[in-house]
Amino acid sequence: MRNINILEPNLFFKSKKKLIDTLRKNQISTASKSIIKKFEKKISQLDGSKYVVPTNSGSSALYVGFKAVGVEKNDLIIMPSYTFVATANACLLSGAFPWFFDLEKKKLTIDLDQVENKLKLMSFKKGKFFYHKKTKQRIFAICPVYTLGFLPDLIKVKRIAKKFNLKIIADAACAIGAKYNKKSLALYNDVVCYSFNGNKSLTAGGGGAISTNNKVIYKNSFLLTTNGKSDQYFHKSFGLNLRITGIHAALGYGELNEFKKIQMKKNRLRKKYINTSQINYFETYFLDKNINSMIWLNFLISKKNIKSIFFKNAKRNKLNLAPFWTPMHLQPFLKNELIEKMKNTNFVWKKILVLPSSLNINSNDFKKIEKFLIKNSKFL
Ligand SMILES: Cc1ncc(COP(=O)(O)O)c(C=O)c1O
């Protein structure tokens with residue numbers, strides 16, 4: 001009996017062929033323009049944005065996004081505490097500091113009412129910008145995280161951002177291909193950041209990208225990922241080598257060609273999990289009707305805090321289940337950052353159970369997972 005993992009890459013045959021073709025053509029490096037351009041164009045077509053800059057990871061995409069919109073040393077960036085650590089670390093690397101907020105009740109996205117109330121209460125305006133009353137830091141940006149593929153109310157994010165003059169950088173690492181009101185995410189955000197890591201719904205083995213409709217942000221991002229180079233060994237601004245390689249772009253391009261199939265498989269699996277949850281009284285959260293997004297990782301919210309015995313039992317049954325993200329406000333190295341009340345985050349993180357969601361989960365695997373969940377429901 002095979003081990004069932006939470007997520008593992010499952011490349012389509014045509015993507016592997018594309019990779020071999022790229023190897024044959026020796027288009028393997030960061031300078032392999034032709035395949036990298038194709039990859040960029042595919043992302044643009046899928047997400048409806050004007051400009052795309054591929055990167056070597058989603059973490060780099062976030063760093064590039066923050067810097068490209070103009071984040072400066074000591075700025076504050078608003079973000080949910082419930083995220084993968086890359087969101088906070090990319091913010092720190094950009095010289096800014098995170099300001100952590102709670103999740104909305106029964107949603108996995110940032111509590112926008114809490115954000116707006118705190119901004120009203122804790123900020124003052126000087127010139128064009130708003131500053132934090134206590135720390136005097138400029139509040140420059142908001143970074144909503146599209147947790148597991150869930151999106152917040154993007155119109156509300158835009159309204160708050162306009163009111164407090166904030167840039168919007170979306171951490172859409174888990175939400176490739178998502179649409180809001182059938183429209184491109186680039187319309188609602190200054191920058192959208194994606195990850196194509198091996199565990200993502202659509203993988204390039206590793207890699208990421210930023211997409212935007214803003215030409216200046218695009219140009220800034222490009223320079224930031226290419227050592228700030230404007231001519232041979234002439235560097236007009238700061239930058240690093242954060243580019244994707246031809247190898248990864250080839251895989252990503254191949255998988256992007258299969259997006260519809262990936263979406264169909266993911267949606268089918270999600271429906272099955274929702275049925276199981278509903279029949280067996282496990283709690284799940286639903287997407288708002290105006291959001292079209294494939295859920296990266298299926299999950300349920302347990303009635304109790306999930307104990308380690310549950311995970312041990314799973315391992316015995318060859319199910320590699322594990323706890324999920326520990327919120328940022330509970331990470332020792334972030335404990336001195338600005339942290340708001342975390343009622344819903346503290347509720348969710350000990351109760352969330354992420355479920356095997358790879359593209360290769362077959363009906364036998366699913367039956368096994370379902371049987372295990374029901375048999376162990378006393379721990380949930
Ligand atoms: C919400 C979120 N942001 C950022 C990242 C970082 O992406 P990468 O692993 O490609 O650096 C991830 C990766 O899982 C993520 O889940």
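A crossing of two helices is left-handed if the near helix is turned anticlockwise from the far one by less than a right angle, and right-handed if it is turned clockwise. In this predicted model, the crossing of helix 3 and helix 4 is right-handed. Helix 3 spans residues 58-69 and helix 4 spans residues 85-93. Their axes lie 8 Å apart, at an angle of about 45 degrees. Angles under 35 degrees count as roughly parallel, and those from 65 to 115 as roughly perpendicular. Helix 3 and helix 4 are therefore oblique to each other.

On the helix 3 side, the contact consists of Gly58, Ser59, Leu62, Tyr63 and Phe66. Helix 4 meets them with Ala86, Thr87, Asn89, Ala90, Cys91 and Leu93. Seven residues of this contact are nonpolar and four are polar. None is charged.

A second pair of helices was also examined. Helix 2 (residues 33-47) and helix 8 (residues 246-257) cross at roughly 35 degrees, and their axes come within 8 Å. This crossing is left-handed. Helix 2 contributes Ile35, Ile36, Lys38, Phe39, Lys42, Ile43 and Leu46 to the contact. From helix 8 come Gly246, Ala249, Ala250, Gly252, Tyr253 and Leu256. By class, the contact of helix 2 with helix 8 has nine nonpolar, two polar and two charged residues.

At the level of the whole chain, the domain assignment gives domain 1 (13-257) and domain 2 (259-379). Their centres, taken over C-alpha atoms, are 25 Å apart. In the contact between them, 39 residues of domain 1 meet 32 residues of domain 2. Four elements each supply at least two residues of the domain 1 side: helix 4, strand 4 (97-101), helix 5 (112-122) and strand 9 (179-180). Strand 4 gives the largest share, with five residues. The side of domain 1 that touches domain 2 holds 22 nonpolar, seven polar and ten charged residues.

How values were computed:
Residues are numbered from 1 along each chain as its sequence is written. This is a predicted model: local features need pLDDT of at least 70, side-chain atom pairs count only at pLDDT 80 or more; totals for chains, interfaces and linings use all residues. Axes are lines fitted to C-alpha atoms, for helices over the stretch in contact, and angles run from 0 to 180 degrees between N-to-C directions. Angles under 35 degrees count as roughly parallel, over 145 as roughly antiparallel, 65 to 115 as roughly perpendicular and the rest as oblique. Two residues are in contact if their C-beta atoms, placed from the backbone, lie within 7 Å. Ala, Val, Leu, Ile, Met, Phe, Trp, Tyr, Cys and Pro count as nonpolar, Asp, Glu, Lys and Arg as charged, and the others, Gly among them, as polar. Domain bounds come from an automatic or database domain assignment.
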